[in-house]
Amino acid sequence: MDKRKVGNILGITSILPVIISIIVFYARRGPNTDIYFIINIFGILSIFGILFAIFSWKMSRQLILLIVGIIGNVFVLAVAFLLLLAMGISEP
């Protein structure tokens, strides 16, 4: 495979953690949910998504995959941070 095709695959893979995070959010909700597990999943997936977006841009030089991957994963990372902040404030 050439670098451009691998870059496109990594670009699509960088958007996949955002979709997985949305699915996890809606699948694991309710009052008995372990929120720290969800925060960890969001953080890990978004960091991997950001790395995949950067690697895809390095290999294929398509700016749209970089922008969509970075914006989506930074949004998920911000949600994870806000959840962590809310849990820290609500602790006794």
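Trainee: Which residues of α1 are buried?

Mentor: Buried means under 20% relative accessible area, exposed over 50%, and partly exposed in between, with a 1.4 Å probe and protein chains only. In α1 they are Gly7, Leu10, Gly11, Ser14, Pro17, Val18, Ser21 and Val24. The model is predicted, so local features need pLDDT of at least 70 and side-chain atom pairs count only at pLDDT 80 or more, while totals for chains, interfaces and linings use all residues. Residues are numbered from 1 along each chain as its sequence is written, and side-chain values use heavy atoms, without hydrogens and water.

Trainee: What covers the buried residues of α1?

Mentor: An α-helix has 3.6 residues a turn, so residues three or four places apart point the same way. Here the cover includes α2 and α3 (63-90). Helices are DSSP runs (H or I, at least four residues), numbered from the N terminus.

Trainee: Why does Ser14 count as buried?

Mentor: Ser14 counts as buried because its relative accessibility is 0%. Contact means heavy atoms within 4.5 Å. Leaving aside neighbours within four places in sequence, Ser14 is in contact with Gly49, Phe52, Ala53, Leu65, Gly69 and Asn73. A polar atom of the Ser14 side chain also lies 2.6 Å from the backbone oxygen of Gly11.

Trainee: Is Ile47 buried or partly exposed?

Mentor: Ile47, in helix α2, counts as partly exposed because its relative accessibility is 47%.

Trainee: How many residues does helix α1 have?

Mentor: The expected span of a helix is 1.5 Å times one less than its number of residues. Helix α1 (residues 3-27) has 25 residues and reaches 36 Å from first C-alpha to last, close to the 36 Å expected.

Technical notes:
Helix = DSSP H or I, 4+ residues; strand = E, 2+ residues; numbered from the N terminus. Polar contact = N/O pair within 3.5 Å; in protein donor to acceptor, adjacent residues only side chain to side chain.
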